[in-house]
Amino acid sequence: MLENLNFEWGRSARRLRVDTLIRLRWMAVIGQSITVLSVHFGLGFSLPIASCFFAIALSAALNLALRLRFPLNHRLEESSASILLAYDVLQLSLLLWLTGGLANPFSILFLAPVMISAVSLSGIRTLMLAVLMSISATILAFFHLPIPWEAGQTMQLPMLYIVGIWISIILGAGFTWIYASRVAREIGRAHV
């Protein structure tokens, strides 16, 4: 019985603070904005810039709403944290759909929400997020706007390469899930 109490204490101590997710999302908003601007204006590749910034603005608006709704030290329930991380997967999916799908080198960022989930949420929640990410990656392998390239030219990567990217993202999510959740469990046991 004492062991179960210790496990539950460790689990609640791992619950995500709203402030942590807000800070991570602000980093994503800044990074996504810089990347879109750099590709569009710096490299001169044509992007659907208004649509990209609409997707980025959604994250900024969510952050502002969360900041107004919750105190800085509020710890989220697993269901709320799961929904926010699922939003991050879907928002990134929208940006990737607009900018080349899995051919976009930033598709590797799919692993970030899975890693955050693995260290702070239950295994089943992380598995559900990984499934959402896998479905999104699968759709993006086949359906997306063209990857930005020089005017008048299109870059079409071979499907075998896209499948390789898909496999690496799926395997990366699995490895991240197992590795990060085990490390988080060890840390939780050390603090109990």
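Which helix holds both Phe175 and Tyr179, and how many residues apart are they? Select the two: both lie in helix α7, four residues apart, about one turn of the helix. (Helices are DSSP runs of H or I with at least four residues, strands are runs of E with at least two, and both are numbered from the N terminus.)

Before going on, a word about what is on the screen. This is a predicted model, in which local features need pLDDT of at least 70, side-chain atom pairs count only at pLDDT 80 or more, and totals for chains, interfaces and linings use all residues. Residues are numbered from 1 along each chain as its sequence is written, and side-chain values use heavy atoms, with hydrogens and water left out.

**The whole chain**

Zoom out and colour by secondary structure. You will find seven helices and zero strands. The C-alpha trace spans about 70 × 40 × 20 Å along its principal axes. Of the 192 residues, 39% count as buried; buried means under 20% relative accessible area, exposed means over 50%, and partly exposed is in between, with a 1.4 Å probe and protein chains only.

**Back to the rings**

Return to Phe175 and Tyr179. They form a stacked aromatic pair, 5.7 Å centre to centre with 10° between the planes. (Rings of Phe, Tyr and Trp, the last by its six-membered ring, pair if their centres lie within 6.5 Å; planes under 30 degrees apart count as stacked, over 60 as edge-to-face and the rest as tilted.) A search of the whole structure finds one aromatic pair. Phe175 is exposed, and Tyr179 is exposed too.

**The largest core**

Now select Leu21, Leu85, Leu102, Phe110 and Met133. Among the 30 residues of the largest nonpolar core, these touch the most other members. (Such a core is a set of buried Ala, Val, Leu, Ile, Met, Phe, Trp, Tyr and Cys residues joined through side-chain atoms within 4.5 Å.) At least two residues of this core come from each of α2 (18-42), α4 (78-98), α5 (111-120), α6 (123-142) and α7 (159-190). The most come from α4, which gives seven residues.

(Contact means heavy atoms within 4.5 Å.)

**Along α6**

(The expected span is 1.5 Å times one less than the number of residues.) Among its buried residues are Leu129, Met133, Ser136 and Leu140. Look down the axis of α6: the buried residues fall within an arc of 140°, so they line one face of the helix. (The arc is that of the directions from the helix axis to the C-beta atoms.) On the face turned away from the buried side, select the exposed Ile124, Met128 and Phe142.

**Two last stops**

Select Leu98 in helix α4. Leu98 is buried, with a relative accessible area of 5%, and touches Pro48, Ser51, Cys52 and Leu145, leaving out residues up to four places away in sequence.

Finish at Gln32 in helix α2. Gln32 counts as buried at 16% relative accessibility. Beyond its neighbours within four places in sequence, Gln32 is in contact with Ile56, Gln91 and Leu95.
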